[in-house]
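I opened the model to go through its parts one at a time. These are my entries, in the order I made them.

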Amino acid sequence: MWITVASGKGGTGKTTVAVSLALSVKNAMYVDADVEEPDGALFIKPVIKETFPYTEPIPKIHTDKCIFCGKCADACVYKAIAILKPIRKAMFFPELCHSCGLCAYVCPVKGAIEEVPKEKGKIRKGGKDSHKFMEGILNIGEASATPLIRGMKKYIPKDMDVIIDAPPGTSCPVVESVEDSDFVLLVTEPTPFGLNDLELAVQIVRKMKLPFGIVVNKHEKNNNLVRTYANKEGIDILAEIPFSKEIAEAYSRGIPVVNVIPNGKELFANIFRKIKERLNE
Ligand code: SF4
Ligand code: SF4
């Protein structure tokens, strides 16, 4: 079962929830897909056994063969290629390229476009006790985190429980992280900003027709902001984690919430059990 932990905005406690959930499920794998700022390793402290570059193909235009017809530039929706026909010049902007391969496909001249590998980032794999760990680290200057996240997913074993820690926000890398998941856990905080971003995240998972539920972090008694919204929308709240100075202090020392609150393991194991029950319904 793949569960992706996402949040409409940063700072909601998404990573501490994702790590805690992974540590509460026997033999689970934690995947840090927040590749621009991966910090799950600070909490899990895994032993890294393997690090390797992740590459994707980008076009290389051979101007000795190119006839400067412009078909590649017309096909590229990301405007990564410019063909200056009057002066017979081809320009390529690798930072805009999404490695879709369309330019090479439409090029009418054999050998005018060669696809060459470009490193997007690194993937690190390892584990801690019975838990497996994987994270992606995006190369500085890469325009999009999506290819690296897509690449990491190829290394996730199909036969185990996996918790994917998505990037914050509601952009393409989040959609890529969430895609193929069995369930999406949306972490939010009970503030007007938190609720606004939760609503955006809910719109995305609904559009993708994925089952989902909410975990409220930094919950305070008598604050029913998220509960009122969830009731109105018919969304399950799977857990409410209390606001506490102790949790915040532990977080700053790299201790996940599961190891701080009383019955933490039980609370997160319960979230997992509820998700499983929901999917079996
Ligand atoms: S499609 Fe091929 S031949 Fe035409 S401009 Fe692009 S690289 Fe050159
Ligand atoms: S691979 Fe796709 S994104 Fe990259 S230049 Fe070619 S058409 Fe554009």
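In which loop is Lys45 found? I traced Lys45 to the loop between α2 (40–44) and β3. I take helices (H or I, at least four residues) and strands (E, at least two) as DSSP runs, numbered from the N terminus.

Ground rules. This is a predicted model, in which local features need pLDDT of at least 70 and side-chain atom pairs count only at pLDDT 80 or more, while totals for chains, interfaces and linings use all residues. Residues are numbered from 1 along each chain as its sequence is written, and chains are lettered from A and ligands numbered from 1 in the order in which they are written.

Positive phi. I noted that Lys45 is not a glycine, yet has a positive phi of about 55°. Lys45 counts as exposed because it has 9 C-beta neighbours inside 10 Å. My scale for this: a residue is buried if 20 or more other C-beta atoms lie within 10 Å of its own, exposed if 12 or fewer, and partly exposed in between, with C-beta atoms placed from the backbone. Arg88, also a residue other than glycine, has a positive phi near 50°. I found Arg88 in the loop between β4 (81–84) and β5 (89–92). Arg88 has 11 C-beta neighbours inside 10 Å, so I list Arg88 as exposed. A positive phi, near 55°, also turned up at Lys209, which follows α7.

Helix α7. I read α7 as residues 192–207, 16 residues in all. Its first and last C-alpha are 23 Å apart, close to the 22 Å expected at 1.5 Å a residue; the expected span is 1.5 Å times one less than the number of residues. The buried residues of α7 are Gly194, Asp197, Leu198, Ala201, Val202 and Val205. They lie on the same side of α7 because they cover an arc of only 150° around the axis, the arc being that of the directions from the helix axis to the C-beta atoms. The face turned away from that side carries exposed residues, namely Pro192, Asn196, Leu200, Gln203, Arg206 and Lys207. I then looked at what covers the buried residues of α7, and the cover includes β1, α6 (172–178), β9, β10 and α8 (225–233). Contact here is between two residues whose C-beta atoms, placed from the backbone, lie within 7 Å.

Helix α10. This one has 17 residues (264–280) and reaches 25 Å from its first C-alpha to its last, close to the expected 24 Å. I list Leu267, Phe268, Ile271, Phe272 and Ile275 as the buried residues of α10. Seen down the axis, these fall within an arc of 140°, so they line one face of α10. Glu266, Glu277 and Asn280 are exposed on the other side. The cover over the buried residues of α10 includes β1 (2–6), α1 (14–24), β9 (183–188), β10 (212–219) and β11 (237–242).

Cores. I count as a nonpolar core a set of buried Ala, Val, Leu, Ile, Met, Phe, Trp, Tyr and Cys residues joined through C-beta atoms within 7 Å. The largest has 58 residues, and Val5, Leu21, Tyr30, Ile163 and Leu186 have the most contacts inside it. α1 gives the largest share of this core, six residues. Leaving out residues up to four places away in sequence, I saw Ile163 touch Ile3, Val5, Ala18, Leu21, Ala22, Ala28, Tyr30 and Val31. There is a second, separate core of 13 residues, Cys76, Ile81, Cys107 and Ile113 among them.

Ligands. For the shells I call a residue near a molecule if its C-beta atom, placed from the backbone, lies within 6 Å of it. Ligand 1 has 13 residues around it, of which Cys66, Cys69, Lys71, Cys72 and Cys107 come nearest. I sorted the shell around ligand 1 into 11 nonpolar, one polar and one charged residues. The classes are Ala, Val, Leu, Ile, Met, Phe, Trp, Tyr, Cys and Pro as nonpolar, Asp, Glu, Lys and Arg as charged, and the others, Gly among them, as polar. Ligand 2 is surrounded by 13 residues, and the closest are Cys76, Ala80, Cys97, Cys100 and Cys103. The shell around ligand 2 has 10 nonpolar, three polar and no charged residues.
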